[in-house]
Every structure is written in structure tokens, then in C-alpha cells.
Amino acid sequence: MLLRFGIENHKSICDYQEVNFAASTGLKDADVDLLQLPSQRGPSKLFIPVIALYGANAAGKSNMIDGFKFLFRSVRTSYVRWRGNNHLPQTSCNIDDADSERESLYDCDIVVDDVRYTYGFALRRDGVTREWLHGYPLGARRSYFEREFVDGVFLQSGQLVKTLDASLQKLLKDRRTLFLSAAGHLEFEPLLHVFRFFKERISVISASDEPRETNIAGDLTDSAVKSVVEEFLRKADFGISHLQIESEKIGAKQIDFRNKLFKILEEVVEESLTPTAADENRIVKFVHRRPTGGTFVVRYSDESSGTKHLLALLSPIIAALKTGAVVVLDEITTTLHTNLSRELVKLFSSKKTNPNNAQLLFSTHDTNLLACGALRRDEIWFAEKSPNGKTTIYPLTDFTVRKSENIEKGYLQGRYGAVPFFGDFSTILKFEG
């Protein structure tokens, strides 16, 4: 479970900004089953299953989501992708000249196996500057590791540091990788469960991403996920009877290219790598119902873009609901009818369909969701860009908003900020007849 995440100095996120899933106490809003985190000290803490992020175009919604994507993908891949590079992939704010010299910071609180962890790191182009992992088993803080590079001096602490072998000690001092990433790839048991949360329990989908057939087919190989997706497509009246998942052999030229690519990667990271891709591609076929009876089959490449985009959402969402994962959607709900978006949100808002504490974070311009009762007031967040180009992230609960208030109307009127304000466009259209 994701409790919160924060970002500083990433694209338009110049100053530290945070998104928090903590539920606001005392709200009697939409019929939403809150997520419970057992506490060793006092009552259970409650968290919301959904956050909808609103804001004008170019306000920074996607940048906030991109920063979170950078956080978890860095944990997944920095051990393989950063080592050997002269510069790390820092994307600083650059609004002020000093920003390019400042470190960028990313941190989060997560729950793995009912234990809360705080993880974060900071980096500049020349390397990692800080990284830390703290856990709270039985409510007491435990520092697993902390490392910091100050003026060329390496500082380290934490209960795990003294247990590391020589190779892990060396990686702890390596500024070209996150230590959690290295420990996970090398299957260091005390940190493996935290690494796997970032590797396996987070899925980010962007409207700019082309839905990958192989990824969708991979989710649908789970018969339970496939069955629910098919039922959703039938109820949504897409004219689809069911889905077929098949395999196609990869050509010899593609396999040869893949093997050569891995050889190049081995030289970069200076260690042996084994290609993990299969020699077959999974493909998806749609079986449609004919109005006159019978069926016909449509390949994925020939299916409508709307159906493919819905399937690109459904397969990871249903998989997340089954495993209790986090799904992040960037602008992609804009391509869906409001009623479909509402139904997807509702899947996360009930223990009946979300028994394992899955979560959904999405950015959107669909203001109809503000009026249909699908979202609690504390599930509505905004992104606003100041005149100097810096993004601020804040929740609706920063304002005094009654349950009976028309939130959609208030948002469109600019009562909560985060909407564009236009001049008179007619003044720029002065064509001569």
C-alpha cells in the first residue's frame, strides 16, 4: 500500500510537493470503504483508495506523476541502467539557474506485509547524494540503512550496514546506483520484500504510451483476471463475447538482435546478463458477437483504439485489485466515457471488489466525476502552476467545502484554483477579408 509520496526539483515541481492518501477524519461522503492500516499504538489509521488529480493543461499534473514514476523505476532499474554512465538522468526544475545545481529528492511511505517503511533518495547529475530506508515494525522506528555523500566524504549508518558482505559494501559506496536497487537485483534477503513492492506492485499507464499487446496479454494469462475483464467488456456493451490469448513465434532475426543487445549491456555493466524474454510473443484476439448470431475474430492491431485503450486499463486494474497493487493513470481517463471512468473508480471504493487494498491515482480533466458522487472530498486533489512556472499540489480539503456543495461548479468557476483563465481570443483573429 502507498501512503504518500513527495518530490522536489523535478521538472515543474521545484519546491517539495506531496500527495497523501491519509483519510480526513469526520468526512461523511461517498460510500467508500477506506483502507485500514493496523497500528500498534491506538486505533487503526485510515487511508483513501483513490486520488483524482485535477488541474489546467501544463499545470504539472503529469510532472507529479512522472516524478513518482521516476522514483519507483529508479529502484527497479538503476542497478542495471545507471552504472557506467557519466551522468544520472536528473530532470531538474531549471526555472531558476540554481535548480540545475540542486539535488532532486524523491521519497515515499509504503506498507509491505503490514509494516510501514519510509524510503527515499536524492541525486544530482554527478551521482546519488543521499538514500535511506526506515521501517516501523511493532510501531518502533528501525533504520535499515542510510548513506550520504558530503563533499566527497561517504557517511553510512543503519542496522544492516555491518551485515553486508564485501560486494554489497562496495555497492553501498557506489553513487551510480541506488543501493535498494542493487540489493534487490542481487536478492539480498533482508531488503528483497521492499524491492519487490516497487518492482511488482506499481503500474503506471500514460495517455502518451502506446498500449503494448504483450503486456496486456501477460496480465490476461491469469484466468481469474481474464474472466473479470471479459465480463466488464460484456457489461460495457462493446459487442465482445470473449478474448483469445495465443502465442506467436519470434523470428530468428529478432532473437539474434536481442542477444546482441544483451552483449552490449554486459559490457556496460561489466557483468553477465541472461536474456529473460521468451522466444514467443503473446497476442490478443477479440471475439465479437454478430447481430445475426455467431461470432467473428479481430486481431489486436485491427481493433478500435477506444477498445484497446480500455483493455490497456482493465488488465492492470483487475490484476491490481487481485494482488493489492497501486495503479497510476496519467490523463488516460480522458479517453473514456464518464460512466466508464466512474465504474473503474467504484471498483477501488468497495471491499467487495477491492479486498486487498489496491489503490488508484489518476490525473484527469473529466469534471463530471466531481458531481456524480464517486469521489470523497479528500480524494480530490489539484495541481496549479504559479506565474513563475512552479507547480503546487494541494487537496480540496484545504478549503471549507460542504458535502452538499456543487464541487464541479465551484471548480469550473475557479473557486479552488487549478483552472485556466483565458483572455479574449477574438483579439488575435484579425484576418482581412
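## Basis

The model is predicted: local features need pLDDT of at least 70, side-chain atom pairs count only at pLDDT 80 or more, and totals for chains, interfaces and linings use all residues. Residues are numbered from 1 along each chain as its sequence is written, and side-chain values use heavy atoms, with hydrogens and water left out.

## Salt bridges

Side chains of opposite charge can pair when their charged atoms come close. The whole structure holds 21 salt bridges (a side-chain nitrogen of Lys or Arg within 4 Å of a carboxyl oxygen of Asp or Glu).

One of them joins Asp109 to Arg4, with 2.8 Å between the closest N and O atoms. Asp109 lies in strand β6 (residues 104–112) and Arg4 in strand β1 (residues 2–8), so the pair links distant parts of the chain, 105 residues apart (strands are DSSP runs of E, at least two residues, and helices are runs of H or I, at least four, numbered from the N terminus). Asp109 counts as buried because its relative accessibility is 8%, and Arg4 is also buried, at 11% (buried means under 20% relative accessible area, exposed over 50%, partly exposed in between, with a 1.4 Å probe and protein chains only).

Lys11 pairs with Asp66, the closest N and O atoms being 3.3 Å apart. Lys11 sits in the loop between β1 and β2 (17–20), and Asp66 in helix α1 (residues 61–81), 55 residues apart. Lys11 is partly exposed, at 31% relative accessible area.

Arg175 and Asp126 also form a salt bridge (3.3 Å, N to O). Arg175 is in the loop between α2 (166–172) and α3 (179–185), while Asp126 is in the loop between β7 (115–124) and β8 (127–135), 49 residues away. Arg175 is partly exposed at 22%, as is Asp126 at 36%. Elsewhere, shared partners join Arg4, Glu18, Asp107, Asp109 and Arg116 into one salt-bridge network.

## Helix pair

Helices α8 (residues 305–323) and α9 (residues 338–348) pack at an angle of about 10°, their axes 11 Å apart (axes are lines fitted to C-alpha atoms, for helices over the stretch in contact; angles run from 0 to 180 degrees between N-to-C directions). The two are therefore roughly parallel (angles under 35 degrees).

Notes
Parallel < 35°, antiparallel > 145°, perpendicular 65-115°, else oblique.
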